[in-house]
Amino acid sequence: LFDPIRTLPANIALEMAYALGNHRSALFVSGLLLLLASLGLVLIAEAIADKEIYE
């Protein structure tokens, strides 16, 4: 539980320099998943913010 961890963006940045083949592809896919997750959170926040709660 208390072991140090590395975040996904830090992992991509540190490993991209020496990644080859499937490892490099996996890093790109994880970056794409991170982008899609953040886009999803933004869209959810926008949908919540657009609700008219003060009618």
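Glutamate 15 counts as buried because its relative accessibility is 14%, where buried means under 20% relative accessible area, exposed over 50% and partly exposed in between (1.4 Å probe, protein chains only). Glutamate 15 is found in helix H1; helices here are DSSP runs (H or I, at least four residues), strands are runs of E of at least two, and both are numbered from the N terminus. Leaving aside residues up to four places away in sequence, glutamate 15 touches Arg6, His23 and Leu27, contact being defined as heavy atoms within 4.5 Å.

The model is predicted: local features need pLDDT of at least 70, side-chain atom pairs count only at pLDDT 80 or more, and totals for chains, interfaces and linings use all residues. Residues are numbered from 1 along each chain as its sequence is written, and side-chain values use heavy atoms, with hydrogens and water left out.

**The helix pair**

Helix H1 covers residues 8–15 and helix H2 residues 22–50; their axes come within 10 Å and cross at roughly 150°. H1 is therefore roughly antiparallel to H2. Axes are lines fitted to C-alpha atoms, for helices over the stretch in contact, with angles from 0 to 180 degrees between N-to-C directions. Angles under 35 degrees count as roughly parallel, over 145 as roughly antiparallel, 65 to 115 as roughly perpendicular and the rest as oblique. The crossing of H1 and H2 is left-handed, a term used if the near helix is turned anticlockwise from the far one by less than a right angle, and right-handed if clockwise.

On the H1 side, Leu8, Pro9, Asn11, Ile12 and Glu15 take part, meeting His23, Leu27, Ser30, Gly31 and Leu34 in H2. By class, this contact of H1 with H2 has 5 nonpolar, 4 polar and 1 charged residues; Ala, Val, Leu, Ile, Met, Phe, Trp, Tyr, Cys and Pro count as nonpolar, Asp, Glu, Lys and Arg as charged, and the others, Gly among them, as polar.

**Individual residues**

Isoleucine 12 lies in helix H1 and touches Leu27, Ser30 and Gly31, residues up to four places away in sequence not being counted. Serine 30, in helix H2, touches Leu8 and Ile12 under that exclusion of residues up to four places away. Alanine 26 also has its place in helix H2.

| Residue | Relative accessibility | Class |
|---|---|---|
| Isoleucine 12 | 16% | buried |
| Serine 30 | 15% | buried |
| Alanine 26 | 43% | partly exposed |

Isoleucine 12 and leucine 27 stand 15 residues apart in sequence, with 5.8 Å between their C-alpha atoms. Alanine 26 and isoleucine 12 are 14 residues apart along the chain, and their C-alpha atoms are separated by 9.4 Å.

**Annotated span**

In an unreviewed entry, UniProt places the feature "transmembrane region" at residues 26–49. UniProt positions are given in the numbering used here, feature names are shortened, and annotations may be inferred rather than shown by experiment. In the model, residues 26–49 are 100% helix and 0% strand, and the end C-alpha atoms lie 34 Å apart.
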